[in-house]
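The following note sets out points for a colleague who is examining this entry. Each point takes up one part of the structure.

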Amino acid sequence: MRARVRDLLHSDGARAHARAMGWARSVRVSKGVVFVAINDGSCLDSLQVVVPADQPAFEIARRLTTGASLVAEGALVASPGQQQQWELHATEIKTIGEADSSYPLQNKRHSLEFLRSIAHLRPRTNTFGAVFRVRNALSYAIHRFFQERNFQWIHTPIISGCDCEGAGEMFRVTTLDIEELVGKCRPGEVDCSKDFFGRRTGLTVSGQLEAELLALALSDVYTFGPTFRAENSNTSRHVAEFWMVEPEIAFADLADDISLAEDFLRSVTLEVMNRCEDDLAFFAKRVEKRVPERLRLLTESSYEVMTYREAVAALQRSGESFEYPVHFGADLQAEHERYLTEKLTAGPLFVTDYPKNIKAFYMRLNDDDETVAATDLLVPQVGEIIGGSQREERLDVLEARIAEQGLERDDYWWYLDVRRYGTVPHAGFGLGFDRLLMYITGLQNIRDVIPFPRTPGHADF
RNA sequence: UCCGGCUUAGCUCAGUCGGUAGAGCAGGUGGCUGUUAACCACCCUGUCGCAAGUUCGAGUCUUGCAGCCGGAGCCA
């Protein structure tokens with residue numbers, strides 16, 4: 001029976017016998033004693049294994065190297081050292097798998113860029129172990145939040161009809177023989193009726209439209225799964241495959257949506273803070289000093305709400321010189337969002353009621369006929385983390401908006417049908433899961449919060 | 001996709017005015033009675049991203065290409 005390093009480090013008392021398994025993080029050899037720090041990923045800290053020279057295990061321990069996997073057995077006793085409560089006095093040590101000096105993770109600081117190139121090994125570092133534990137805790141917290149409020153977790157399709165989404169470039173899904181078609185067909189000439197699904201299909205860019213259908217039956221639902229964008233985006237905040245959380249609530253308006261989003265962010269952050277104290281302390285110390293402040297902003301501060309019109313006015317009187325001028329009708333640029341969240345409110349900010357021309361067709365038209373009931377939640381450093389809206393539930397208005405945006409009405413027959421039969425006001429939002437993780441951990445590149453990130457030109461591992 | 005920067009030892013980096021490459025860590029050897037990414041001493045380590053050009057001479061200057069990073073756009 002093996003004990004997790006985490007359990008041993010949190011032991012209530014000494015143990016006459018304990019067995020630990022893990023990977024050697026460091027091996028410190030002196031004449032009379034060897035110290036091996038072993039980590040099994042169950043927590044940030046490593047277990048100190050002590051082997052005095054009079055033990056038969058001393059020879060094996062002395063030859064261990066950084067990165068080797070091993071099993072150590074002995075007594076768990078109070079440590080005289082300052083940095084840990086318990087340590088394992090090993091009477092027996094076995095090397096499971098050796099790691100020679102070419103093992104890339106030596107006892108030194110490595111750059112995040114270098115670690116990205118060895119994504120198969122970086123989970124064995126402190127930083128990435130912590131990231132992936134927090135990622136797990138956040139996922140669990142999200143499910144718990146919704147489950148406790150009687151939301152139904154729904155599974156929207158990953159393969160989706162191409163025509164209906166429009167949130168971004170899609171990856172094509174096909175069983176047609178591309179080699180054969182290349183050179184034979186000009187663009188637009190491919191006969192999709194011969195394809196597997198008998199139509200153009202791609203990987204989903206959002207489960208929202210389908211989530212609405214289920215919300216208009218089950219009332220409160222959410223999706224939590226992968227999403228794909230084939231955009232050629234090369235930034236620290238974009239990847240081709242990422243995870244989104246998309247709640248959708250019936251009998252609800254934009255105010256309900258905003259209040260759900262705020263409640264949600266507060267709750268999940270608080271749960272991660274409770275479950276991942278050590279990992280978050282590590283991020284605060286080694287990655288981003290402002291992590292505690294960021295967490296406080298999400299859990300304690302009030303979330304400001306401001307209309308787009310007010311935000312534009314605030315930007316205009318700010319006296320800042322922006323690269324892109326601000327005027328009603330223009331989308332807020334990254335520099336504008338940064339000013340709003342980092343200088344004006346210094347915290348999370350919902351911007352609401354955007355001009356209809358810069359937002360999607362399904363967002364509910366306001367009475368002013370000029371803006372829609374949409375909201376973006378902006379946070380310092382990371383920018384947009386949530387995008388949501390009240391959905392247009394009025395059949396005639398929705399049809400007019402589809403026409404206005406030059407979309408094909410027939411493609412949305414099912415989406416329109418639920419407005420035709422028993423329509424109700426409803427709303428929802430999409431949360432960028434990986435971006436929230438960036439905000440919580442303080443890591444500045446989305447590629448460092450995803451185990452094996454996919455970006456243009458990169459699908460290794 | 002556009003703009004900018006970077007590319008030197010296994011890793012992190014320095015390299016002056018163009019004069020023939022250096023430090024820390026890792027590795028090796030030895031030392032050290034309990035260490036904390038241990039410490040001390042010694043030793044080893046190079047296609048200076050690739051290709052061409054200028055020059056008596058290029059890590060250094062020029063051009064092209066590639067890769068990476070940052071920013072912008074798109075968005076979550």
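Two strands are said to pair if DSSP finds at least two bridges between them. The model discussed here is predicted.

1. Pairing of β1. By that criterion, β1 pairs with strand β4 (residues 69–78) in the antiparallel sense, over seven bridges. Within this pairing, A20 stands opposite A72 of β4. β1 also pairs with strand β2 (residues 33–39), again in the antiparallel sense, and here there are six bridges. In β2, I38 is the bridge partner of A24. The two strands β1 and β2 form a hairpin, with three residues between them. In a regular strand the side chains alternate between the two faces of the sheet.

2. Overall architecture. The secondary structure of chain A comprises 14 helices and 16 strands. Along its principal axes, the C-alpha trace of chain A spans about 85 × 60 × 45 Å. Chain A has 461 residues, of which 51% count as buried. If one takes the contacts in chain A between residues at least 6 apart in sequence, 68% of them join residues at least 24 apart.

3. The surface near RNA strand B. There are 51 residues around RNA strand B, and those that come nearest are Q83, T235, Q333, R435 and H458. By residue class, this surface divides into twelve nonpolar, 24 polar and 15 charged residues. Several elements each supply at least two of its residues: β1 (15–29), β5 (86–97), α3 (112–117), β11 (241–250), α11 (334–344) and β15 (383–391).

4. Which parts of RNA strand B have atoms within 4 Å of the protein? Sugar or phosphate accounts for 51% of these atoms, and bases account for the rest. Individual side chains illustrate both kinds of approach. A polar side-chain atom of Q83 lies 2.3 Å from a sugar or linking oxygen of RNA strand B. For R237, a polar side-chain atom lies 3.3 Å from a base nitrogen of RNA strand B, and for H238 the corresponding distance to a base nitrogen is 2.8 Å.

5. Is L115 buried or exposed? L115 counts as buried because its relative accessibility is 5%, and the cut-off for burial is under 20%. Leaving out residues up to four places away in sequence, L115 touches L105, H110, R122, T125 and F128. P104 is eleven residues from L115 along the chain, and the C-alpha atoms of the two are separated by 9.1 Å.

6. T227 in strand β10. T227 is found in strand β10 (residues 220–228). With a relative accessible area of 2%, T227 is buried. Apart from neighbours within four places in sequence, T227 is in contact with T204, V205, S206, A240, E241, F242 and M244.

7. The buried residues of α8. In helix α8 (residues 277–286), the buried residues are D279, L280, F282, F283 and A284. Their cover includes four other helices, namely α4 (126–148), α7 (254–275), α9 (291–299) and α14 (433–441). An α-helix has 3.6 residues a turn, so residues three or four places apart point the same way.

8. E59 and its arginine partners. E59 is found in helix α2 (residues 58–63). E59 counts as partly exposed because its relative accessibility is 37%. The side chain of E59 makes a polar contact of 3.3 Å with the side chain of R62, and a polar contact of 2.6 Å joins the side chains of E59 and R63. The C-alpha atoms of E59 and A427, which are 368 residues apart along the chain, are separated by 66 Å.

9. E399 in helix α12. E399 has its place in helix α12 (residues 395–404). The side chains of E399 and R409 make a polar contact at 2.9 Å. Not counting residues up to four places away in sequence, E399 touches R409, L416 and R420.

Conventions. Residues numbered from 1 in each chain as written. Chains lettered and ligands numbered in written order. Predicted model: local features only at pLDDT ≥ 70, side-chain atom pairs only at ≥ 80, totals over all residues. Heavy atoms only, no water. Near = heavy atom within 4 Å. Polar contact = N/O pair within 3.5 Å; in protein donor to acceptor, adjacent residues only side chain to side chain. Nonpolar A, V, L, I, M, F, W, Y, C, P; charged D, E, K, R; others polar. Contact = heavy atoms within 4.5 Å. Buried < 20%, exposed > 50% of the residue type's maximum accessible area, 1.4 Å probe, protein only.
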